[in-house]
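This report sets out the overall architecture, the surface and the aromatic contacts of one protein.

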Amino acid sequence: MRKPLIAANWKMYKIPAEATAFTDAFLPLIASKQKAEIVLCPSTTSLAATIEATKGTEVRIGAQTMHWLDNGAYTGETSPIMLNAIGVTHVLIGHSERRQYFNETDETVNLKLKSALAHKLVPIVCVGEHKAERESGKTNDVLRQQITVGLQGIDPAAATSLVIAYEPVWAIGTGLTATPQIAEDAHKFIREQIAEVLSPAIAASTRILYGGSVKPDNAASLCCLENIDGALVGGASLDPTSFAQIIAGASI
Ligand code: PGA
């Protein structure tokens, strides 16, 4: 019942010409009717070019972050209205790099999530523990806190599009991947927390993606467990062939 979602997080890579070179190579590699929903998240200056280049296809375009307000004196920020206006459909919220380098907190994640839902942008809320937290047995405490505060005060009826990405920080860009069992256990726990904070029905329909060094050779084993509904891919999504292989592997 949950359609898999495979998202590419290009981070601070690819100028518009590189983004369109990617789509030129990538689109012929994927079937026109996908089993999975495919989302590309370019940097802000490549959003418009990527939207143009994927027009008429099933590929959707997401932003990597946004402000929660519609307008205002917030130099350098991009609002949900601005994203809507150019055809962005998804938005990453609370990626661990945003938390680590740009002071995002569970509270700002919550504000952004409410705003994204109000503006009909599909929110992909990122959660995950650091290495030291896992090693000291605090993984579930961290995930509980991130979900409880991040999803606080959300009307379950308005949260049907919610997507969560479980990205253990120690696996991001490191080449270390969670074992399928570690990922499945964390996803199951996250689903239970969503049931508590929102509702069992929303928990059952929410897609929970795995992220952290997903590559063509591990996508199939990580993406097809009971509580894993797709992947958020960083490094390996920069190359059209490897991202297409991940989609093929993850959508079995
Ligand atoms: P990675 O990044 O695939 O390069 O580990 C994942 C992410 O940061 O979303």
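**Fold and dimensions**

Helices (H or I, at least four residues) and strands (E, at least two) are DSSP runs, numbered from the N terminus. On that basis the protein contains 11 helices and 8 strands. Its radius of gyration, taken over C-alpha atoms, is 17 Å, close to the 18 Å that the globule rule (2.2 Å times the number of residues to the power 0.38) gives for 252 residues, so the protein is as compact as a globular protein of that length. The C-alpha trace spans about 45 × 45 × 35 Å along the principal axes.

This is a predicted model: local features need pLDDT of at least 70, side-chain atom pairs count only at pLDDT 80 or more, and totals for chains, interfaces and linings use all residues. Residues are numbered from 1 along each chain as its sequence is written, and side-chain values use heavy atoms, with hydrogens and water left out.

**Burial and contacts**

Of the 252 residues, 53% count as buried, that is, under 20% relative accessible area with a 1.4 Å probe, protein chains only. Among contacts (heavy atoms within 4.5 Å) with a separation of 6 or more, 72% join residues 24 or more positions apart.

**Aromatic pairs**

Rings of Phe, Tyr and Trp (its six-membered ring) pair if their centres lie within 6.5 Å; planes under 30 degrees apart count as stacked, over 60 as edge-to-face and the rest as tilted. The whole structure holds 5 aromatic pairs. The ring centres of Y166 and Y210 lie 6.4 Å apart with planes at 55°, so this pair is tilted. It links distant parts of the chain, 44 residues apart: Y166 belongs to strand β6 (residues 163–166) and Y210 to strand β7 (residues 207–211). Both Y166 and Y210 are buried. W10, F22, F26 and F243 form one aromatic cluster.

Technical notes. Buried means under 20% relative accessible area, exposed over 50%, partly exposed in between (1.4 Å probe, protein chains only).
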